[in-house]
Structure formats: C-alpha cells, structure tokens
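Here is a quick walk through one protein model, written for someone who would rather look than calculate. Keep the viewer open as you read.

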Amino acid sequence: MAKDGAGGGPDWNGLLKWSLAHGSDGTNPPRALSEEDRKWFMEAMQANTIDVVGRMKEIAQVMKTPNDVLQSHGVTPENIEGTFSDMLDELQEHVESIDMANDLHSIGGLDPLLGYLKNSHAGIRAKAAEVVSTVVQNNPKSQQLVMESNGLEPLLTNFRSDPSTTARTKALGAISSLIRNNQSGLAAFRLGNGHAALKDALGSDDARLQRKALHLTQYLLNNKADRNVAAEIGLPNQLIHLASSDDSGVREAALGGLLELARDKTPAASNALPDQDKLKDVLKSRIEGISAMDADDLQAAREERQLVDSLWKECYGEPSSLREKGLVVLPGEDAPQQPPPDVAGKMFEPPLRSWAAPRPAPAEDSDSGSGKKDPPLLLGP
C-alpha cells in the first residue's frame with residue numbers, strides 16, 4: 001500500500017478504499033492488520049494531526065520576543081503587521097475551544113496577547129482584541145483571568161480613543177464579550193466610565209461601530225442601574241435619533257433598545273423616554289417607510305416591522321397601523337414571539353463556542369475568507 005499521495009501527502013483516497021475493503025462499514029468481518037498497514041495508517045494520521053498546545057506555546061513565545069530579536073530573524077517593520085496578523089488568526093482558531101482558551105493563560109500566552117492591545121500597529125491591536133473576544137466569550141474562567149490581568153483597561157482605552165475605527169470596533173466587541181454575564185466586569189465597565197464611551201460611539205458616523213455600541217447598550221438596558229445611567233447621560237434621545245438611521249441594522253438595534261426602556265413600568269422609569277413626541281414622529285415615519293416597501297424589502301425588514309409594532313403598543317397602548325395593514329405578519333410567516341427578536345444577542349456568540357453555551361445564540365459574522373492558510377512561519381526554540 002502506498003504511503004503517500006501524488007502530492008507528497010497522505011493518500012486519503014487510498015485510506016478510504018482500504019477502510020471500505022477492510023469492513024469499516026460493518027458489512028465485512030474484521031481482519032487483523034499487518035504491521036505494514038498499521039504503520040502506514042499511524043503515519044497518515046500523525047501527518048495530519050496538529051499539536052495545538054505546542055503551537056500555542058510557540059505563538060506565545062513569539063509574542064514575548066522583543067522587536068530587535070524579531071528583526072534579526074527576518075521579521076522587518078514592513079511585514080510585521082501581516083506576519084503577526086496571520087499568527088493571531090491561527091491562535092484564534094485554537095482558542096475557539098474553551099479548553100484551549102483556558103490553557104492560554106497557563107502556557108503564558110494571555111499576558112502577551114493583552115500586551116498586543118497596545119501595539120503600535122492598528123491592525124495588530126484590532127486582531128488582538130478579536131482574539132480576546134473569542135477567549136472570553138461565554139467563558140467565566142477566562143473572563144476572570146482577563147479581569148485579573150487588567151485586560152479591560154486597554155480595551156476601554158482603545159474603544160474610547162483609538163484612531164482606527166476598526167480597532168475601536170474590535171475593542172468594543174471584546175468588551176461586550178468580557179462583561180456579559182460577568183458582574184465584576186460589568187462593575188469595572190461602570191467605574192471606567194464605559195457608558196460615556198458608548199454614547200460617543202453612538203454619535204460616530206461609522207454604522208458598524210454604531211451597531212456594536214447599540215447591541216451592548218440594549219444588553220445593559222436590561223439592568224436597572226444601567227438604565228438609570230443611560231437616562232442621565234441622554235442615551236434615550238440618541239436611540240430615538242438612530243431609529244431613523246439609513247442603516248437597517250442600526251435602526252433595528254435602536255428600536256430594540258427603545259423597547260427595553262418602554263417595557264420598564266416602574267415609577268422610577270416614568271421619564272425613561274422623555275421626548276415622546278419625537279419618538280412618535282419617528283415611529284410614524286418608519287411605518288410610512290415600511291408601508292411603501294416592496295415584497296422583498298418587507299421580507300428583509302421582518303424584525304423592524306415587529307419591533308415598530310411592539311414599541312408602538314408599549315408606548316401608546318394599541319397596535320400600530322402596520323397590524324391593520326397586515327404588515328406585522330406577512331402571509332406564510334409565523335406569528336412573532338413575545339418578546340420580539342433579540343437583536344443584541346446576535347453579536348455575542350463566536351463560531352464553535354456555542355457548543356458550550358448555556359443557551360443558544362446566533363454566531364457573529366466573520367470577516368475572514370473561506371480559504372485555509374498554511375500556519376505562519378515561527379521562530380525556532
């Protein structure tokens with residue numbers, strides 16, 4: 001039996017044929033392997049097995065290496081950003097597993113990763129924040145380790161003032177993952193004046209940053225203390241303004257935040273939505289816009305239709321005119337569940353981590369392509 005395929009790698013077609021011929025489908029009786037077949041099989045398996053912990057240790061070692069040493073090994077200032085971005089891409093793949101994410105600290109990789117949040121290259125700062133987000137997502141142990149390593153501070157700094165909008169957005173995503181269902185992280189976010197940073201992000205002209213900020217705002221509005229802070233700094237009026245944005249994702253997230261405020265019927269929340277006239281005008285405008293949509297746009301605006309109707313009902317005690325026009329539930333659609341779709345929940349679940357989640361949540365969109373890259377060349381021991 002040949003050990004290698006035509007390209008020099010394992011002969012996987014041969015392995016399939018061999019498996020079928022030796023009864024691996026249960027239709028033929030098993031037979032003893034010859035020593036040659038056993039050796040070939042083990043070589044084929046080992047050739048395609050990566051020592052994940054070993055690779056993570058190598059990456060951690062490179063992240064600790066001073067720049068002058070890197071340059072002596074051929075990593076020039078011109079190619080350092082691309083080289084380290086590829087390395088962080090690989091690390092992110094490994095820490096999709098909760099076990100590997102928790103091992104990152106024990107092998108000495110967490111502190112250097114957090115140090116990359118202060119790197120002089122914007123692309124590396126952004127990618128490091130993305131890896132941190134994956135490490136802490138739905139992972140209380142790693143959340144605690146990052147908090148103990150003071151990881152929230154550089155994330156807040158980048159979110160507030162990084163000159164790169166991409167780095168700001170990635171830092172916000174990591175903050176969202178770090179403080180979600182994490183009381184110590186949430187308390188530190190409040191002490192770090194995180195609400196004011198959110199307000200600043202909502203006022204940006206970048207729709208993606210606005211969407212991320214709105215998602216976190218909606219999550220925070222589930223908490224009474226955060227609702228009070230939001231009211232004090234004027235977030236409700238910003239949400240009303242963003243509910244008429246040209247970006248559909250911004251509109252939906254803003255409407256979701258307003259719905260959270262409207263559902264708070266406690267006496268202290270009586271002024272949660274102070275500008276009712278402006279809110280009513282915005283909702284009327286959205287009803288007109290939705291009513292003028294063609295069939296395809298109506299399908300795409302399903303969540304917005306439901307949110308507008310629910311918000312109108314919460315604020316004014318009656319269904320919106322969308323319901324009278326039959327535009328809340330279109331023919332063939334299921335009736336909306338109560339509450340309407342959780343727009344904020346979309347951003348909090350990275351790929352694979354959902355396997356360990358205590359409850360289901362959609363995966364966040366990935367900016368990476370589908371092509372598989374070879375592992376980047378690392379330094380020697």
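What follows goes from the whole chain down to single residues.

## Ground rules

This is a predicted model, so local features need pLDDT of at least 70 and side-chain atom pairs count only at pLDDT 80 or more, while totals for chains, interfaces and linings use all residues. Residues are numbered from 1 along each chain as its sequence is written, and side-chain values use heavy atoms, with hydrogens and water left out.

## The big picture

The protein has 21 helices and 0 strands. Both are DSSP runs numbered from the N terminus: helices are H or I with at least four residues, strands are E with at least two. Of the 381 residues, 46% count as buried. Buried means under 20% relative accessible area, exposed means over 50%, and partly exposed is in between, using a 1.4 Å probe and protein chains only.

Take the contacts (heavy atoms within 4.5 Å) with a separation of 6 or more: 71% of them join residues 24 or more positions apart. The accessible surface comes to about 19500 Å², and carbon and sulfur atoms hold 50% of it. Those areas come from the Shrake-Rupley method with a 1.4 Å probe; for residues, only the protein chains shown count as cover.

## Helix α3

Helix α3 covers residues 52-63, and its end C-alpha atoms are 16 Å apart.

Which residues of α3 are buried? They are Gly54, Arg55, Met56, Ile59, Ala60, Val62 and Met63. Their cover includes α4 (67-72), α5 (80-94), α6 (98-106) and α7 (110-115). As background, an α-helix has 3.6 residues a turn, so residues three or four places apart point the same way.

## Helix α9 and the loops around it

On α9 (140-148), the buried residues are Ser142, Gln143, Leu145, Val146 and Met147. Among the elements covering them are α6, α7, α8, α10, α11 (165-179) and α12 (183-191).

Now look at the loops. Asn138 sits in the one between α8 (122-136) and α9, with a positive phi near 55 degrees. Asn150 lies in the loop between α9 and α10 (152-161), and its phi is also positive, near 60 degrees. Most residues other than glycine have a negative phi. Are these two asparagines buried or exposed? Asn138 counts as buried because its relative accessibility is 19%, whereas Asn150, at 45%, counts as partly exposed.

Gln210 is in helix α14 (residues 207-220) and is buried, with a relative accessible area of 9%. A polar atom of the Gln210 side chain lies 3.3 Å from the backbone oxygen of Leu202. Neighbours within four places in sequence aside, Gln210 is in contact with Ala201, Leu202, Ser204, Leu242 and Val250.

Ala225 belongs to helix α15 (residues 224-232) and counts as partly exposed at 38% relative accessibility. Ala225 and Arg190 are 35 residues apart along the chain, and their C-alpha atoms are separated by 9.8 Å.

## A charge over a ring

One last thing to find: Lys280 lies over the face of Tyr316, at 4.8 Å from the ring centre. For this label, NZ of Lys or CZ of Arg must be within 6 Å of the ring centre and within 35 degrees of the ring normal.

Definitions and conventions
The expected span of a helix is 1.5 Å times one less than its number of residues. A polar contact is a pair of N or O atoms within 3.5 Å; within protein, one must be able to donate a hydrogen and the other to accept it, and residues adjacent in sequence count only if both atoms are side-chain atoms.
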